[in-house]
Amino acid sequence: MNHRTRSDAHNTAQTHHTGTSLLGVYLNDHLAGATGGAERARHMTRSHRDTDLAAAMEPISDEITEDRAVLIEIMERLDVPVRHYKIYAGRVAERAGRLKSNGRLVRRSPLSPLLELEALRVGVEGKAAVWQTLRDLADDEDRLDPDLLDSLLERARRQQGALEELRRRQIGPALRTA
């Protein structure tokens, strides 16, 4: 015998709607970050063209761009609308980050690659967090593929390691005086 009242049904529907809305906010915020991260990675690859750093960054940049596309596909599967203004905000934030003071006015500072790699590493940590969150939700959500999320989480961890290695290589050129 079901003793749910009309109020209980309304509260359950409202909680579901709120949860769905909050998931949409969460995923769109991560999409904004993924947009900025993908742009930052491409910018690094271009601005360090013909260097070992560019060669190491190119596959990472490609993966970050692919991961952003997968996030959009997951949002579509979950019926979460993409908020384009957040995508634009991610692009603007990344470009504004290029204007930071790095001790040089006209040309790139030796500090720039170190700071850019640190920013990317933090971004990949955020990406790993969203994959882990979605993986935790996959147990109760049929539209989420646990195997795909496990793979994305592992790839993010691998990217973190690669970015950390690249970051550490930049410490000497950026901060040690001759």
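Which helix holds Leu115? Leu115 is found in α4, where helices are DSSP runs of H or I with at least four residues, strands are E runs of at least two, and both are numbered from the N terminus. This is a predicted model, in which local features need pLDDT of at least 70, side-chain atom pairs count only at pLDDT 80 or more, and totals for chains, interfaces and linings use all residues. Residues are numbered from 1 along each chain as its sequence is written, and side-chain values use heavy atoms, with hydrogens and water left out.

**Overall make-up**
- The protein has 5 helices and 0 strands, in the order α-α-α-α-α from the N terminus on.
- Of the 178 residues, 38% are buried (under 20% relative accessible area; exposed is over 50%, partly exposed in between, with a 1.4 Å probe and protein chains only).
- Among contacts (heavy atoms within 4.5 Å) with a separation of 6 or more, 79% join residues 24 or more positions apart.

**Leu115**
- Leu115 has 29% relative accessibility and therefore counts as partly exposed.

- Ile74 touches Trp131, Leu134, Leu144, Leu149 and Leu152, leaving aside residues up to four places away in sequence.

**Packing of α2 on α5**
- The axes of α2 and α5 come within 11 Å and cross at roughly 150° (axes are lines fitted to C-alpha atoms, for helices over the stretch in contact, and angles run from 0 to 180 degrees between N-to-C directions).
- The two helices α2 and α5 are therefore roughly antiparallel (over 145 degrees; under 35 is roughly parallel, 65 to 115 roughly perpendicular, the rest oblique).
- Residues of α2 in the contact include Met57, Ile60, Glu63 and Ile74, and those of α5 include Leu149, Leu152, Arg155 and Leu166.
- By class, the contact of α2 with α5 has 13 nonpolar, 2 polar and 6 charged residues (Ala, Val, Leu, Ile, Met, Phe, Trp, Tyr, Cys and Pro are nonpolar, Asp, Glu, Lys and Arg charged, and the others, Gly among them, polar).
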